[in-house]
Amino acid sequence: MKQLRVAVIGMGFAGRLHCESYESLGEKAKIVVICDSNEERAKNYAEMFNAEACTDYHQLLNRKDIDAIDICAPHHLHVQLAVEAAKAGKHILCEKPIAITVEEADKIIDAAKKAGVTLMVAENHLFTPAHQKIKEIVDSGKVGRVFLVRAFEAATSELIMNPDPKDWRANPKNQGMLLDMAVHKFAFLRWVLGDIDSVFAIREKLVVTTLAPNYDDTALLIVKFKSGAVGEIVVTGGNPAGITNSTEVYGTDGTIMENHLWEKPVTYLSVTAPESNGEWICPEVEHRPYPGYYNISFRNEVAHFVDCVLNEKKPEMTGEDGREAVRAVIAATKSAEIKRFVKVETPTAKAKAGKNGTSKKK
């Protein structure tokens with residue numbers, strides 16, 4: 001296969017950026033069909049990207065001129081779309097979160113494995129150069145053993161600024177900012193620091209007053225990692241000033257500070273690395289302040305997906321990785337309800353507990 005022929009489902013913010021990213025790849029990828037439940041929107045974007053338009057995704061599944069399905073539809077529709085795409089033998093790029101429950105994520109993963117197709121979760125935080133630089137520095141050992149991290153994101157949610165109970169994001173199944181935003185941070189920090197052990201969460205409705213009672217617009221979380229590190233995650237969709245995204249990493253030999261608003265988004269100090277020698281330095285990183293880094297990260301993730309399919313590579317963000325981010329969200333949701341730490345049980349831990357015939361209730 002020399003070219004990946006794609007159908008994109010869902011033409012919201014992410015769908016548009018995915019289409020622009022495929023176009024940037026030249027002959028490596030071709031958008032064949034754009035599918036959206038809104039016929040006018042589907043036609044407008046199809047014309048923009050020189051593709052066909054449709055409103056019923058079932059029309060895509062048996063087409064031999066489509067190799068992959070790119071799912072940018074609402075969260076609660078992911079499992080249905082992805083499972084049917086896998087059964088039809090299509091490779092899958094699925095926007096985060098992979099699903100709204102661990103069980104639904106497993107259905108997607110199992111369907112993809114059974115069909116032998118590539119499954120990748122579109123988690124743009126893993127493909128943001130500033131975040132990749134953080135991982136590179138941590139993996140190099142320049143900051144020593146990481147013991148504390150802080151991750152913050154304040155976004156302008158259209159739903160929060162203009163509440164509409166009919167908006168898909170107001171559907172109780174989609175769980176507000178925990179599932180929409182905190183899942184980013186869980187995926188990113190797990191990628192850098194390894195598996196999460198437990199989480200304590202506070203989810204609040206501080207800005208929105210007209211949506212369902214269980215819709216959170218702001219959440220604060222304390223995270224314990226299996227490595228021994230601890231962390232803080234803060235997310236909100238109620239920021240009228242646009243998007244602010246930052247990360248702090250504290251290690252025994254140094255510190256990393258990152259902020260997407262800065263022209264040079266990453267700076268770090270290391271007492272062991274010769275290039276730093278105890279002084280703050282700013283490594284070169286491809287970056288443009290918001291919204292520029294969105295275009296960069298989406299381009300990188302789509303290019304990675306295409307490369308993985310064309311060259312039969314394992315994606316950086318697998319279905320299993322996406323599932324574990326959702327597992328952390330589910331634990332955080334429970335924590336907010338019972339007001340104490342909740343274990344993030346991994347499949348290995350569950351299997352071991354079952355084998356021993358014991359389980360520990362929290």
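Reply: T218 lies in strand β9, which covers residues 218-225. Keep in mind that this is a predicted model. Is T218 buried or exposed? Its relative accessibility is 12%, so T218 counts as buried; the cut-off for buried is under 20%. The side chain of T218 makes a polar contact with the side chain of D217, at 2.8 Å. Now leave out the neighbours within four places in sequence. T218 is then in contact with M177, I202, R203, E204, L206, V235 and T236.

M177 leads us to the next element. Helix α8 spans residues 176-193. Which residues of helix α8 meet helix α10? On the α8 side they are L178, L179, V183, F186, A187 and R190. On the α10 side they are D321, E324, A325, V326, A328, V329, A332 and T333. By class, this contact has 10 nonpolar, 1 polar and 3 charged residues.

Next comes the geometry. Two packed helices are described by the angle and the distance between their axes. Helix α10 runs over residues 319-338, and its axis comes within 8 Å of the α8 axis. The two axes cross at roughly 125 degrees. That angle makes α8 oblique to α10. The crossing of α8 past α10 is right-handed.

Helix α8 also meets helix α6, which is made of residues 129-140. Here the axes come within 9 Å and cross at roughly 25 degrees. Angles under 35 degrees count as roughly parallel, so α6 and α8 are roughly parallel to each other. This crossing, too, is right-handed. From α6, the contact uses H131, Q132, I134, K135 and V138. From α8, it uses F188, W191 and V192. These residues divide into 5 nonpolar, 2 polar and 1 charged.

One more residue of α6 deserves a look. D139 sits in this helix. With 52% relative accessibility, D139 counts as exposed, because the cut-off for exposed is over 50%. P291 is 152 residues from D139 along the chain, and their C-alpha atoms are 28 Å apart.

Finally, compare a threonine in a loop. T118 is found between α5 (102-115) and β6 (119-122). At 13% relative accessibility, T118 counts as buried. Setting aside neighbours within four places in sequence, T118 is in contact with H91, I92, F305, V309 and P315.

Technical notes
Residues are numbered from 1 along each chain as its sequence is written. This is a predicted model: local features need pLDDT of at least 70, side-chain atom pairs count only at pLDDT 80 or more; totals for chains, interfaces and linings use all residues. Side-chain values use heavy atoms; hydrogens and water are left out. Axes are lines fitted to C-alpha atoms, for helices over the stretch in contact, and angles run from 0 to 180 degrees between N-to-C directions. Helices (H or I, at least four residues) and strands (E, at least two) are DSSP runs, numbered from the N terminus. Angles under 35 degrees count as roughly parallel, over 145 as roughly antiparallel, 65 to 115 as roughly perpendicular and the rest as oblique. A crossing is left-handed if the near helix is turned anticlockwise from the far one by less than a right angle, and right-handed if clockwise. Contact means heavy atoms within 4.5 Å. Ala, Val, Leu, Ile, Met, Phe, Trp, Tyr, Cys and Pro count as nonpolar, Asp, Glu, Lys and Arg as charged, and the others, Gly among them, as polar. Buried means under 20% relative accessible area, exposed over 50%, partly exposed in between (1.4 Å probe, protein chains only). A polar contact is a pair of N or O atoms within 3.5 Å; within protein, one must be able to donate a hydrogen and the other to accept it, and residues adjacent in sequence count only if both atoms are side-chain atoms.
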